Amino acid sequence: LDNAIEKNVKNFSDFKNKKIEEICVCLLERDRHIEIINSLKKIGAKIKLISDGDVAGAIMVSDSKYNVDIFVGIGGGPEGVIVASALDAMNCNFQGRFIFATDKDKVRAKQMGIKDLNKKYQINEIVKGDSIFCATGITSGDLINGLKKDGSNFHTETLITHKSENLVSIIHKKYISK
């Protein structure tokens, strides 16, 4: 988080022994990300823009089948905690920092016990101890399929992680109407 995106992509490409042009960075297609997108284009990194689903987008770094190496973006705190919980069970990395839009937000954060408003949080500071993450697809995306109707039956997919059980699984469930 302390480096420019260009530096982070370069560092990652060196670490993975891949060319920058082979690194895929995923982020939400939002006006607030224009500078990041332009920087990625300038260095030639692959860009995967998503219209929504930042939690799913971030989780895609967990498996090479999604072809996403890095997820970046400015998003909400609750989403960051949710993502950190899933990624922690998948042995992935995560860093986050609060961005406060107003002084009221800063006051609220201090009331909640946050002393350093500029602190960079590592995954082990966000997720302490055991964690469980579950997400059931309502609409289909890259990560999991959405709810499907087959006659009078319904099919769902749920991604579940449980850190202490080393569980990362997609559960397929069929609901039979009676």
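Analyst: In this predicted model, the lining of the second largest pocket consists of ten nonpolar, eight polar and two charged residues. That lining has 20 residues, and those nearest the centre of the pocket are D52, G53, A56, T139 and G141. Two elements, α3 and β6 (132–136), each give two or more residues to the lining of the second largest pocket. Of these, α3 supplies the largest share, four residues. The volume of the second largest pocket is about 430 Å³.

The largest pocket, for its part, has a volume of about 1900 Å³. It is lined by 50 residues, and L1, F71, V72, G73 and Q95 are the closest to its centre. By kind, the lining of the largest pocket holds 23 nonpolar, 16 polar and eleven charged residues. At least two lining residues come from each of α1 (5–16), α2 (34–43), α3 (54–59), β3, α4 (77–89), β4 (95–96) and α6 (123–126). The helix α4 gives the most to the lining of the largest pocket, six residues.

Between β1 (residues 24–28) and β3, the parallel pairing runs over two bridges. Within this pairing, C26 is opposite F71 of β3. F71 is also one of the residues closest to the centre of the largest pocket.

Back on the side of the second largest pocket, β6 (132–136) is one of the elements of the lining, and T136 can be followed to a residue of another strand. The side chains of T136 and T158 form a polar contact at 2.6 Å. T158 is located in strand β8 (residues 153–162). Is T158 buried or exposed? T158 has a relative accessible area of 16%, and because buried means under 20%, T158 counts as buried. Leaving aside residues up to four places away in sequence, T158 touches C134, A135, T136, S169, I170 and I171.

Definitions and conventions:
Residues are numbered from 1 along each chain as its sequence is written. This is a predicted model: local features need pLDDT of at least 70, side-chain atom pairs count only at pLDDT 80 or more; totals for chains, interfaces and linings use all residues. Side-chain values use heavy atoms; hydrogens and water are left out. Two strands pair if DSSP finds at least two bridges between them. Buried means under 20% relative accessible area, exposed over 50%, partly exposed in between (1.4 Å probe, protein chains only). A polar contact is a pair of N or O atoms within 3.5 Å; within protein, one must be able to donate a hydrogen and the other to accept it, and residues adjacent in sequence count only if both atoms are side-chain atoms. Contact means heavy atoms within 4.5 Å. On a 1 Å grid over the protein atoms alone, a cavity is a set of points where a 1.4 Å probe fits but cannot get out, and a pocket is an open set with protein on both sides within 12 Å along at least five of seven lines; lining residues have an atom within 4 Å of a point. Grid points are joined across faces, edges and corners, and a volume is the space filled by probe spheres set on the points. Ala, Val, Leu, Ile, Met, Phe, Trp, Tyr, Cys and Pro count as nonpolar, Asp, Glu, Lys and Arg as charged, and the others, Gly among them, as polar.
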